[in-house]
Amino acid sequence: MAQAEGSEHLDYIRLAIDEANKCTPTPTAFCVGCVLVTRLPINTSPPTILSTGYSRELPGNTHAEANALSKAQDLSPEELQSLFMLETPSSYAEILTYTDVYTTLEPCSIRTSSLKPCADALITSRIKRCFIGVGEPDDFVKCEGAQRLKDAGIEVIWVSGLQDSCLAAARRGHDEHV
């Protein structure tokens, strides 16, 4: 199991926790935050936040990762060009191949609604790595999102140090767990 080292990864997970804390709590779902960070292969290009998302941010019982992807997809080629200071516009699909996902909770592999699981959405988007703050507890379903990502060739990295904070954010609005 790959482990992330360095404060940069903790900083992005902290930003994802901030996103999770924007979420309206509900006793039947987790509050999750997500940050999409793009690292273009240009030596002078710093990591850039492409978009952020949190659970139920957009209409339709939506999840954090799907919301971040949706918001990124809504950026025009010109907005992407400006965001990354590119000479020519770049496509959303191309940018995603250089994008890492930072999420407070393991991406879901099963949805109780008819929506696509987040792990599948991340696989389809062709992101390269997924940094996870904590595994999804079995409170509602058995999650196999990290394994699904690995099976699809996406590097999964567990970020140590903020597991308790990620879990506390996820379970806001739930009864006390022992």
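**Fold and aromatic cluster**

Author: This is a predicted model. From the N terminus on, the protein chain runs β-α-β-β-α-α-α-β-α-β-α-β-α.

Reader: How many helices and strands is that?

Author: The protein chain has seven helices and six strands.

Reader: And how much of the chain is buried?

Author: Of the 178 residues in the protein chain, 48% are buried. The accessible surface is about 8,800 Å², and carbon and sulfur atoms account for 51% of that.

Reader: What share of the contacts join residues at least 24 apart?

Author: It is 72%, counting contacts in the protein chain between residues at least 6 apart in sequence.

Reader: Strands next. How many residues of β4 are buried?

Author: Seven of its seven; β4 covers residues 99–105 and is mostly covered.

Reader: Which strands does β4 pair with, and in which sense?

Author: Strand β2, residues 33–38, pairs with β4 in the antiparallel sense over five bridges. Strand β5, residues 129–134, pairs with β4 in the parallel sense, also over five bridges.

Reader: Give me residues. What is the bridge partner of T38 in β4?

Author: T99 is the partner of T38. On the β5 side, L105 stands opposite V134.

Reader: Change of topic. How many aromatic pairs are there?

Author: The structure holds two. In one of them, the ring centres of Y12 and Y102 are 4.9 Å apart and the planes are at 45 degrees, so that pair is tilted.

Reader: Why does that pair tie together separate parts of the sequence?

Author: Because Y12 lies in helix α1, residues 7–20, while Y102 lies in strand β4, and these parts are 90 residues apart in sequence.

Reader: Are those two tyrosines buried or exposed?

Author: Y12 has 11% relative accessibility and counts as buried, because the cut-off for buried is under 20%. Y102 is at 0% relative accessibility, so Y102 counts as buried as well.

Reader: And what about the pair of Y102 and F131, stacked or tilted?

Author: Stacked, because the ring planes of Y102 and F131 are at 5 degrees, with the centres 4.5 Å apart. This pair also links distant parts of the chain, with Y102 in strand β4 and F131 in strand β5, 29 residues apart. F131 is buried, as is Y102.

Reader: Which residues form the aromatic cluster, then?

Author: Y12, Y102 and F131 form one cluster. Y102 takes part in the tilted pair with Y12 and in the stacked pair with F131.

Methods: Residues numbered from 1 in each chain as written. Predicted model: local features only at pLDDT ≥ 70, side-chain atom pairs only at ≥ 80, totals over all residues. Heavy atoms only, no water. Helix = DSSP H or I, 4+ residues; strand = E, 2+ residues; numbered from the N terminus. Buried < 20%, exposed > 50% of the residue type's maximum accessible area, 1.4 Å probe, protein only. Contact = heavy atoms within 4.5 Å. Areas by Shrake-Rupley, 256 points an atom, 1.4 Å probe, with all protein chains shown as cover. Pairing = 2+ DSSP bridges. Phe/Tyr/Trp six-rings, centres within 6.5 Å; stacked < 30°, edge-to-face > 60°.
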